Amino acid sequence: MTPKTKSPIWHPFTQHALQDEMTKIVRGDGAYLYAADGARIIDAISSWWVVTHGHCHPQIVSAIQDQAGRLNQIIFAGYTHDPAEEVATQLLKLTPAGLEHVFFSDSGSTSVEVALKMALGYWHNIGKHRTRIVVMQHSYHGDTIGAMSVGARGVFNVAYGPLLFNVTTIPFPSKGHEQTTLDALASTCRKEGPAAFIVEPLILGAGGMLMYPPWVLREMKQICEAYDVLFIADEVMTGWGRVGTLFACEQASVTPDIACYSKGLTGGALPLAVTLCRADIFDAHYSKDRARTFFHSSSYTANPIACAAAKANLDLWRDQSTLQRVASLATLQEQALEPFRTDSRFTNVRRTGTITALDLKTTDPGYLASIGPKLGAIFKDQALLLRPLGNTIYVMPPYCVTATDLAEIYSAISDAADAV
């Protein structure tokens, strides 16, 4: 019989038999969270990678409050509103040139579902039977059915196998083996004529913060162009400054055919996502024949309050000081990480932009490494929000984090390695 818990809530990615006591958070401010017992916690992973400028940023909070008093919700089929129009217009100015249409949704997973449906709808509507999707080894694109199908198969989704569609997987471009990946992609595109290739640019997040260089991303895009395969960039995590530039594709001078953005889109204040595409993908659905309609929606598509938060966030990104803070954080992260590069307790010490990661040496590596929960408990006791991916410890803080905060975070990582 399942033991009765104090709360009826079933928490995400949580094994309640091992962790049934949740930390109650009552307030957020900047890089900090405050627990019900008064403890101040440094948010070292941006509350699951979403908070960019800091918790409760006054400009974003003010925009939310103002919009909530004027228009809080309206069906987005047949109607529109200023916050959505302004967000779409600004996005197209900030994102890589060539993306021309914006479809709103409400999470990273759904933005990926939208991208996959756009790709398949495009080929169907122009009369070509191309349905295969190509993915990268170790990738993660979300927890809805389509998103799981194009992610790595394993502990995350083994129980749901009957629901998932088949894909073709190419190897991750690990250092020294990049050409193997490129050759595999080219061979797959040539032999299978797939509909699309979906990839996390520069960093595979939940797959273990695996990093690869921009030149590989650029060559993968060129291969897709050569074989007329749609290139989908899942920038749900890598967007909004995480990799040092506003979007990861910038570093490879790549314009994806379809791009997915979420997480930091509202600065971490409210759930919102967008899927952007080039004009011909939209045009393939544009017809007086209603059967060619793009059949996707959610009740809260382009919610006005969420869009107001996104608009305030985009205004912040138009200020050069925001990118300067990103550059400063990237430098601080590199300085803090440097001692670990020669630390024998760790391996694969790495950084891209504002994200660092390092693997603690253990006999059972991977997401289910027994050392993971032990590390998490230690960090929790030290008032840090750090959530290791098994034996992989990563640091992805809001851009307002201080050098003192980072020193505390990395000191805790070193102490934790000793403790376990």
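Me: How many residues lie between β1 and β2 in their hairpin, and which residue in the turn has a positive phi?

Reply: Some conventions come before the answer. This is a predicted model, in which local features need pLDDT of at least 70 and side-chain atom pairs count only at pLDDT 80 or more, while totals for chains, interfaces and linings use all residues. Residues are numbered from 1 along each chain as its sequence is written, and side-chain values use heavy atoms, with hydrogens and water left out. Helices (H or I, at least four residues) and strands (E, at least two) are DSSP runs, numbered from the N terminus; two strands pair if DSSP finds at least two bridges between them. Here, β1 (residues 25-29) and β2 (residues 32-35) pair in the antiparallel sense over four bridges. Two residues lie between these strands in the hairpin, and Gly 30 in the turn has a positive phi of about 65°. Asp 29 has Tyr 32 in β2 as its bridge partner.

Me: Which residues does His 81 touch?

Reply: Contact means heavy atoms within 4.5 Å. Not counting residues up to four places away in sequence, His 81 touches Leu 71, Ile 74, Phe 76, Ala 302, Asn 303, Pro 304 and Cys 307. His 81 is found in the loop between α2 (58-68) and α3 (82-94), and is buried at 6% relative accessible area. A polar atom of the His 81 side chain also lies 3.3 Å from the backbone nitrogen of Ala 84.

Me: How many salt bridges are there?

Reply: A salt bridge is a side-chain nitrogen of Lys or Arg within 4 Å of a carboxyl oxygen of Asp or Glu. The count by this rule is 14. One of them joins Asp 257 and Arg 278, with the closest N and O atoms 2.5 Å apart. Asp 257 lies in the loop between β10 (230-234) and β11 (258-261) and Arg 278 in the loop between β12 (273-277) and α8 (279-283), so the pair ties together parts that are 21 residues apart in sequence. Both Asp 257 and Arg 278 are buried. Arg 278 also meets Asp 280 in a salt bridge, at 2.5 Å from N to O; Asp 280 is partly exposed, at 28% relative accessibility.

Me: Which distant parts of the chain does the pair of Arg 345 and Asp 418 link?

Reply: The side chains of Arg 345 and Asp 418 meet in a salt bridge, 2.7 Å from N to O. This pair links the loop between α10 (320-337) and β13 (346-352), where Arg 345 is found, with helix α12 (residues 403-419), which holds Asp 418; the two residues are 73 residues apart. Arg 345 is partly exposed, at 22%, whereas Asp 418 is exposed, at 56%. A network of salt bridges links Glu 334, Glu 338, Arg 341 and Arg 351.

Me: Which residues have the most contacts inside the largest nonpolar core?

Reply: A nonpolar core is a set of buried Ala, Val, Leu, Ile, Met, Phe, Trp, Tyr and Cys residues joined through side-chain atoms within 4.5 Å. The largest has 90 residues, and those with the most contacts inside it are Phe 197, Met 209, Met 220, Ile 409 and Ile 413. Helix α12 supplies the largest share of this core, seven residues.

Terms used: Buried means under 20% relative accessible area, exposed over 50%, partly exposed in between (1.4 Å probe, protein chains only). A polar contact is a pair of N or O atoms within 3.5 Å; within protein, one must be able to donate a hydrogen and the other to accept it, and residues adjacent in sequence count only if both atoms are side-chain atoms.
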